Each structure stands twice: as structure tokens, then as C-alpha cells.
Amino acid sequence: MRRLGRAAAGLAATVVLSLTASACVTVHGEREVVPTATEAEAAKALDEFTAAYNEADKAYDPALDADHVTGALGAVNQAGLKARGTNYPDGNPQHVPLELTDARFVIPKKAGWPRWFLADTDSNRDRDNSGQLDNRWLLVFVRTGVEDTWKAAYLTILAPDRIPAFKRDADGWAEAVAPDDAKLAVAPRDLSKDYASYLQDGSPEHFKAGPHTTGWRQTRAKNTSLPGLSTQYIDHALDSGTFAPLGLVQQDGGALVFFAVKNFERQTAAPGVQLKVVPDVKALLTGEVKTTLTKERVSSQLVSVPAGGGGQSDILGRMAGLTSAKGS
């Protein structure tokens with residue numbers, strides 16, 4: 001795996017793309033298959049993200065890292081900071097700077113935009129070499145044009161042994177997966193709508209049983225008819241623009257794909273029952289909660305998709321965050 005040492009702690013076609021920091025090599029980015037970044041560029045993007053993330057988390061101010069996040073991670077990050085900033089106007093009283101070290105970059109070769117890469121990092125939020133308490137932060141950075149800033153679009157936290165090996169060429173560059181790749185059991189562009197459908201009614205049945213599939217459906221089923229409260233879940237695909245799926249080819253021919261969905265949770269209270277609105281929900285609330293409360297969340301998933309037909313895809317990780325709420 002291409003690897004850097006411990007990094008400093010810190011998240012339409014174009015005409016040309018600079019392949020080095022000195023801009024000494026340029027190619028036609030819309031046609032040439034080239035590495036999406038150098039390792040130096042990737043390390044700088046990670047450092048700049050971490051620095052901005054820490055500033056925003058310390059002040060609970062979404063504006064401080066808005067230029068370094070996008071997509072699913074951006075939606076959750078910005079809404080979360082907005083909510084906590086409302087509830088803690090003086091900033092984060094328990095701020096501990098995030099450190100992302102031991103960065104291992106997986107950089108694919110591809111033509112055109114967007115360009116992106118994966119940063120596999122060790123954070124100071126876990127306990128290294130401590131079984132289930134040991135994990136890695138996987139961050140996908142995206143850039144949509146030569147003048148654009150690298151932005152973190154996806155985040156998944158996984159145990160080290162859950163991260164697959166990636167296919168690489170002789171120079172160590174990875175291979176990006178096409179959204180419509182027909183060699184996979186499920187094309188990446190179909191994952192969002194298929195997963196949303198699966199959460200609704202259990203089909204299509206091409207996701208392996210686990211905490212983010214059968215387990216999540218069972219948990220939601222238990223919540224649908226609590227005493228005095230009816231809960232309805234609605235899921236929608238979220239798969240275009242900055243929420244588009246991004247994947248890498250694994251050594252075994254399958255693919256590791258990041259994708260997003262949108263979840264709605266609608267709670268309706270029986271007569272005489274008052275709905276509970278916690279502070280973080282209240283901070284993002286529009287309307288008045290009388291008998292219903294609808295919470296909107298953005299959820300990002302990391303899935304290992306097997307090659308060929310008939311195999312089941314394995315949801316390795318899932319992270320969701322509240323982005324808005326509405327009362328009526």
C-alpha cells in the first residue's frame with residue numbers, strides 16, 4: 001500500500017490539470033487517464049481538512065470548515081455544527097483536537113472530473129491495538145475542478161481488518177470503479193436506490209445480513225408502534241452531484257464503494273401525548289411540534305460489492321447525521 005509517515009495533525013471538462021505542486025506537468029484532464037493527485041497533494045489536503053475541522057469544532061462554527069467538506073459528510077458536519085453552535089454559543093467546552101496520522105493514501109488513475117482519492121488514517125479517537133476499540137478513519141476527498149479546494153465528501157470508521165486490499169498498477173496507483181460497471185454484482189450508481197428500497201421493504205435482497213441491513217430494519221420495526229407514538233420511516237436515493245457514489249477496485253475484482261441515502265423519520269403522537277424534542281433537534285427545527293415531528297438525516301455507507309452476478313454486497317460501515325427537522 002502506498003504510504004506516508006505520520007502526518008502532521010490537522011477534513012464540464014477542464015483544460016489542464018497540474019500533476020505536481022510546481023505545475024511543471026500538464027495534461028488534458030478531460031481525456032488523459034492520470035493519477036488524481038500526488039501523495040504530497042493528498043497529504044496537504046488531509047492536513048488542511050484536519051486544521052479546518054478543529055477550528056470549526058472548537059468554535060462550533062460551520063463557516064470555519066465549510067470550504068473543506070462536501071457531499072454526505074458536509075451535510076452532516078454543517079448541520080451538526082449549526083445545532084451545537086445554537087446550543088453552545090460560546091463554543092465547544094469539551095473540544096479535543098482531532099489528530100489524523102499514519103496516513104495511507106489510495107489514489108486512483110482516471111480521466112475527467114471529479115477527481116478524488118481515499119485517505120486511510122489513524123485517529124486519536126480510538127485505542128490502537130485494542131481489538132474492537134481500534135479503528136481507522138477512511139476519508140474520501142473530492143475536487144471538481146483545477147481551481148477547486150479538495151473537500152472531504154465521505155467518512156467511514158472501520159476496524160483495520162475490515163479494510164480490503166486494493167488493485168494497483170506497477171506504480172502503485174489504484175483503479176477507480178465506473179458508476180455503471182457491469183462486472184459487479186451491483187453497479188455503483190444503483191446502490192443508493194437499491195439500499196433505500198431494501199430499507200423500506202427488504203428488497204432487493206442483494207445485501208448481506210448485518211447491523212446495517214437486517215439489524216437496522218429490525219430496530220426500526222421495533223420503533224414503529226411504541227405506546228402513544230407511531231413512527232414511519234421513509235428512505236430516498238441520494239446519488240447525484242456531490243453525493244455521487246465513489247468506488248475503488250479491490251484485489252479480488254470486487255469494489256469498495258462509498259454511497260449516500262436520505263432517511264426520514266416521522267413521529268406522530270396520540271392525543272394527549274407530547275413529543276420529546278431534544279436540544280440538537282430543536283436547533284434545526286422549523287415549524288411547531290404539535291402532533292408530528294419529522295427528522296431528516298443523511299446517511300453514508302461503505303459497501304464491498306463482489307464481482308459477477310448473484311453475490312451479496314456487504315455494508316461494512318454506516319454513518320448518519322440529522323440535517324433538518326420539521327414540526328406540525
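Which side chains meet in a salt bridge at 3.1 Å, N to O? In this predicted model, the side chains are those of Lys-193 and Asp-194. A salt bridge is here a side-chain nitrogen of Lys or Arg within 4 Å of a carboxyl oxygen of Asp or Glu. The model is predicted, so that local features need pLDDT of at least 70 and side-chain atom pairs count only at pLDDT 80 or more, whereas totals for chains, interfaces and linings use all residues. Residues are numbered from 1 along each chain as its sequence is written, and side-chain values use heavy atoms, with hydrogens and water left out.

Lys-193 also takes part in a salt bridge with Asp-190, at 4.0 Å from N to O. Asp-190 and Lys-193 both belong to helix α3 (residues 188-201), where they are three residues apart, about one turn of the helix. Helices (H or I, at least four residues) and strands (E, at least two) are DSSP runs numbered from the N terminus. Accessibility is classed as buried under 20% relative accessible area, exposed over 50% and partly exposed in between (1.4 Å probe, protein chains only). By this scale Asp-194 is buried, at 11%, while Asp-190 is partly exposed at 21% and Lys-193 is partly exposed at 43%.

Across the whole structure, the search finds 13 salt bridges. One of these joins Lys-109 to Asp-169, with the closest N and O atoms 3.9 Å apart. Lys-109 is located in strand β5 (residues 108-110) and Asp-169 in the loop between β8 (151-158) and β9 (174-175), so the pair ties together parts that are 60 residues apart in sequence. Both residues are partly exposed, Lys-109 with a relative accessibility of 30% and Asp-169 with a relative accessible area of 31%. Elsewhere, a network of salt bridges links Asp-102, Arg-104, Asp-120 and Arg-136. Side chains of opposite charge can pair when their charged atoms come close.

Strand β5 is also part of an open sheet of three strands, in the order β3-β5-β9 and with mixed pairing. Strands β3 (34-35) and β9 are at the edges, each with a single partner strand, so one side of each is left without a neighbour in the sheet. Two strands are taken to pair if DSSP finds at least two bridges between them. The pairing of β3 with β5 is antiparallel and extends over two bridges; Val-34 has Lys-110 in β5 as its bridge partner.

Strand β13 (residues 255-269) is joined to β15 by 14 bridges, in the antiparallel sense, and Lys-262 stands opposite Val-298 in β15. Twelve bridges, likewise antiparallel, join β15 to strand β16 (residues 314-327), with Ser-299 opposite Ala-320 in β16. Strand β15 is mostly covered, 13 of its 14 residues being buried.

With residues up to four places away in sequence not counted, Ser-304 touches Gln-250, Ala-255, Leu-256, Ser-313, Asp-314 and Leu-316, where contact means heavy atoms within 4.5 Å.
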